[in-house]
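Please look first at the sequence and the model shown here, and then read the briefing that follows, which goes from a single backbone detail to helices, core and contacts.

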Amino acid sequence: ELVGAGSDNEDHGSVERGAAVIEAGVLLVMEMKQQEVQKFLAVVKRCFQKKKIEKESLPLGLRDPLEFLSDIEIDAPLARSLLTSIVAYWVRQDVLALNFLLDAPEFFRTDGKPAEFAANVIKVRGGDPSDEDLAIVEKLMTEDDKKKFSSPKEMLGPPQED
């Protein structure tokens with residue numbers, strides 16, 4: 001109710017407030033265990049169902065967790081896999097489109113292994129990757145990724161031996 005979602009709200013700041021709630025929650029559970037992530041996802045799902053938080057808040061609320069992912073991983077080694085499972089869940093629930101990664105903070109897109117992250121989200125989400133999924137992974141591939149993998153489809157395949 002503090003978010004004040006919906007068009008009835010006079011100040012129209014509900015998307016930003018919802019993003020702040022998503023950001024704080026995601027940053028908190030990234031340093032926890034999968035069990036706590038599941039509880040968080042259940043609460044947020046309920047918020048969407050009750051229209052307490054708007055879907056537009058999700059990509060905004062994920063900006064800082066993506067930007068600071070590398071730093072968070074130093075203290076919380078599971079942070080990347082937990083964030084991957086969170087994003088995959090929301091993509092699977094159709095409340096978040098994978099292409100939000102194309103507008104992720106620049107540091108994440110250059111140094112945060114964005115194509116690998118997107119590929120892992122697709123794997124965790126399940127199902128066959130669509131042409132759009134492959135195009136997103138391809139757009140996120142860095143020069144190093146392109147040297148290592150000949151295509152986005154290869155990146156989604158089984159892990160490579162070094």
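Just after helix H2, Lys51 takes a positive phi of about 55°, where a helix is a DSSP run of H or I with at least four residues, a strand is a run of E with at least two, and both are numbered from the N terminus. The model is a predicted one, in which local features need pLDDT of at least 70 and side-chain atom pairs count only at pLDDT 80 or more, while totals for chains, interfaces and linings use all residues. Residues are numbered from 1 along each chain as its sequence is written, and side-chain values use heavy atoms, with hydrogens and water left out.

**The chain as a whole**

- The protein chain holds 11 helices and zero strands, and its pattern, read along the sequence, is α-α-α-α-α-α-α-α-α-α-α.
- Of the 162 residues of the protein chain, 41% count as buried, a word that stands for under 20% relative accessible area, whereas exposed stands for over 50% and partly exposed for what lies in between (1.4 Å probe, protein chains only).
- The accessible surface of the protein chain comes to about 9400 Å², and 50% of that surface belongs to carbon and sulfur atoms; such areas come from the Shrake-Rupley method with a 1.4 Å probe, and for residues only the protein chains shown count as cover.
- Among contacts (heavy atoms within 4.5 Å) between residues at least 6 apart in sequence, 65% join residues at least 24 apart.

**Helix H2**

- At 1.5 Å a residue, the 16 residues of H2 should span 22 Å, which agrees with the 22 Å between its end C-alpha atoms; the expected span is 1.5 Å times one less than the number of residues.
- The buried residues of H2 are Val37, Phe40, Leu41, Val44 and Phe48.
- Seen down the axis of H2, these buried residues fall within an arc of 100°, so they line one face of the helix; the arc is that of the directions from the helix axis to the C-beta atoms.
- On the face of H2 turned away from its buried side are the exposed residues Gln35, Lys39, Val43 and Gln49, while the buried residues of H2 pack against H1, H3 and H6.

- Helix H1, which runs over residues 14-29, has 16 residues and reaches 22 Å from its first C-alpha to its last, close to the 22 Å expected.
- Ser14, Val15, Gly18, Ala19, Ile22, Gly25, Val26 and Val29 are buried in H1, and they lie on the same side of H1 because they cover an arc of only 135° around the axis.
- Exposed Glu16 and Leu28 sit on the face of H1 turned away from its buried side, whereas the buried residues of H1 pack against helices H2, H3, H4 and H6.
- Ser57, which lies in helix H3, counts as buried at 0% relative accessibility, and its contacts beyond four places in sequence are Ser14, Val15, Gly18, Ala19 and Ile22.
- Met30 is placed in the loop between H1 and H2, and it is buried, with a relative accessible area of 1%.
- Met30 and Pro65 are 35 residues apart in sequence, yet their C-alpha atoms are 8.5 Å apart in space.

**The largest nonpolar core**

- In soluble globular proteins, nonpolar side chains tend to be buried together.
- A nonpolar core is a set of buried Ala, Val, Leu, Ile, Met, Phe, Trp, Tyr and Cys residues joined through side-chain atoms within 4.5 Å.
- Of the 46 residues in the largest such core, Val26, Leu83, Val87, Trp90, Leu101 and Phe117 touch the most other members, and H6 gives the most to this core, with nine residues.

- The structure holds two aromatic pairs, a pair being rings of Phe, Tyr or Trp (its six-membered ring) whose centres lie within 6.5 Å, with planes under 30 degrees apart counted as stacked, over 60 as edge-to-face and the rest as tilted.
- The rings of Phe108 and Phe117 have their centres 5.6 Å apart and their planes at 90°, so this pair is edge-to-face, and both residues are buried.
- Pro152 lies in helix H11 and counts as buried at 9% relative accessibility.
- Leaving aside neighbours within four places in sequence, Pro152 is in contact with Leu134, Val137, Glu138 and Met141.
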